[in-house]
Amino acid sequence: MSGGRKSAKGKRMIYLIAAIAGLAGALFGFDEGVIAGALAPLRRDLGIDPVTDAAAEGLMTAAVPFGAFIGAIVGGRLAAAAGRRKLLLWAAVLFVGGALLSALAGGLVTLSLARLVIGFAVGVAAMMAPLYISESAPAKQRGMLVSIYQLAITLGILGAYVVGYAFDENWRWMFAMGAVPAVLLFAGIFAMSDTPRWLALRGRGAEAKAALARMREKPESDPAVAAEYAEIQAAVAEDEGRKATFADLVSPRVRPALIVAMGLFLLQQLSGINAVIYYAPTVFQLSGFDSAATQILATAGIGVVNVLMTVVGMMLIDRLGRRLLLLIGFAGTAVSLGAIAIAAATDSAALDTLALAGLVLYIASFAIAIGPLPWVMMSEVFPLDCRALGMSIASLVNWGFNFIVVFSFPVLVAEFGLAGVFGLYAVVCVAGLAFTQWLVPETNGVSLEEIERHLRSGRPLRELGRLHAA
């Protein structure tokens, strides 16, 4: 009985670690989603004209992904020296400052700068939180635990929609509410140690072993802790003295991992998810929902589906594996976006119903796979010496194309209509099927050290899952 209690306690500890780090995802989701409810009262109170001030409004809306782009660069350069924990603490401070500055903004320029600060924090935290979880989690639970970050994003988006509905016309309170999870993130991470792998990489072996034992809720002398620590030390010894450079990322050893990480984020963003998240009320308006309240409620409904299907994805990720879920996700998003595009192109009388049903299927398909898996695989596929830098480059693709999609959506809709834009996103999802089939490996249940050994062997990365299963 005591062994069972210890095992359960150990699981509770790692879930707590994942939940605290996952607050960074909640902040990411909140600061993306809050603009959907705040945009209308912002236009009224700050005198923003949707036509003449379209470019300035677009820059303000897209300031979060642009700031995140910069934050990913800085985070990648500092991660090895500063550590995962310290950067998450600084990100939490920036989240609080950005939320309060947004709430006090007197004009579009100040608000854009505030959202740029928030975006910088998002860029740092979006790298560090999945990395913190991945380097702390047991291999068998890693996929599900890292996907807690994506679940937190969806909860943050839903929370933003609820806050938008609750505060209705008061955009200052909408932005100020973002400080609450930021304070919780700071307090939670402050009470934690850094990851065993980072501590070992910095030559702090005793601290690394103690941190690992604490995370597993077992004594340092436990054989399982000793075996896992020995594997970490072996990987650190292989990477000793190496300082990752961009040349390392494009070397034959690491290039396959870089292609997978960058490719999944490119496909994730070009599937149009953030156009839907940022402009969901606008999409519903274009689809025939005339009432603003109905548009917000329909948007909140999409947020609920996003959360629920992310939970489903978390339950499946370590059972079905990464590749199968990605194939299911890309197939579902391609079908749903294609259906909306055809309905819009033919000016169907049932466009409002088809748009709602299509977006529900789209969000469900995205949430079980395309949403969480790029974050999971980014934190898995790189070797230890290149992990922070590789994740930084993959994050640049994520935030760069996030900015492009969000900024371009109003322009593309004006030029090609809803049918053309959603048709384009559907084609991207079809390309995602091919990319997954040909290039993405199965990392389910494979330790980070085994993945690194496979990369060093020179065998094709896509064979990883098959070899492990064999």
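## A ring tucked away

Let's start with Phe28. Its relative accessibility is 5%, so Phe28 counts as buried, the cut-off being under 20%. Keep in mind that this is a predicted model.

Who are its ring partners? One is Trp375, which is also buried, with a relative accessible area of 2%. Phe28 and Trp375 make an edge-to-face aromatic pair, with 6.3 Å from centre to centre and 70 degrees between the planes. Phe28 belongs to helix α1 (residues 2–46) and Trp375 to helix α18 (residues 373–381), so this pair ties together parts that are 347 residues apart in sequence.

Trp399 has 0% relative accessibility, so Trp399 counts as buried.

Ring pairs join Phe28, Tyr149, Phe265, Trp375 and Trp399 into a cluster. Across the protein, the count comes to eleven aromatic pairs.

## The nonpolar cores

Which residues touch the most other members of the largest nonpolar core? They are Phe95, Trp375, Phe382 and Phe422, in a core of 109 residues. Helix α19 (residues 387–439) gives this core its largest share, 18 residues. Apart from it lies another core of 18 residues, including Ala38, Ala103, Ala160 and Trp171.

Leaving out residues up to four places away in sequence, Trp375 touches Phe28, Trp399 and Phe265, among others including Ala126, Pro130 and Asn398.

## Out at the surface

For a contrast, find Pro252, in the loop between α12 (246–249) and α13 (255–270). Its relative accessible area is 64%, so Pro252 counts as exposed, the cut-off being over 50%. The C-alpha atoms of Pro252 and Arg456 are 8.9 Å apart, although 204 residues separate the two along the chain.

Another spot to look at is Arg85, which lies over the face of Phe190, 5.7 Å from the ring centre.

## The whole protein

Step back and you'll see 21 helices and zero strands. Of the 470 residues, 57% count as buried. The protein exposes about 17900 Å², and carbon and sulfur atoms supply 68% of that.

Technical notes
Residues numbered from 1 in each chain as written. Predicted model: local features only at pLDDT ≥ 70, side-chain atom pairs only at ≥ 80, totals over all residues. Heavy atoms only, no water. Core = buried A, V, L, I, M, F, W, Y, C linked by side-chain atoms within 4.5 Å. Buried < 20%, exposed > 50% of the residue type's maximum accessible area, 1.4 Å probe, protein only. Helix = DSSP H or I, 4+ residues; strand = E, 2+ residues; numbered from the N terminus. Contact = heavy atoms within 4.5 Å. Areas by Shrake-Rupley, 256 points an atom, 1.4 Å probe, with all protein chains shown as cover. Phe/Tyr/Trp six-rings, centres within 6.5 Å; stacked < 30°, edge-to-face > 60°. Lys NZ or Arg CZ within 6 Å of the ring centre and 35° of its normal.
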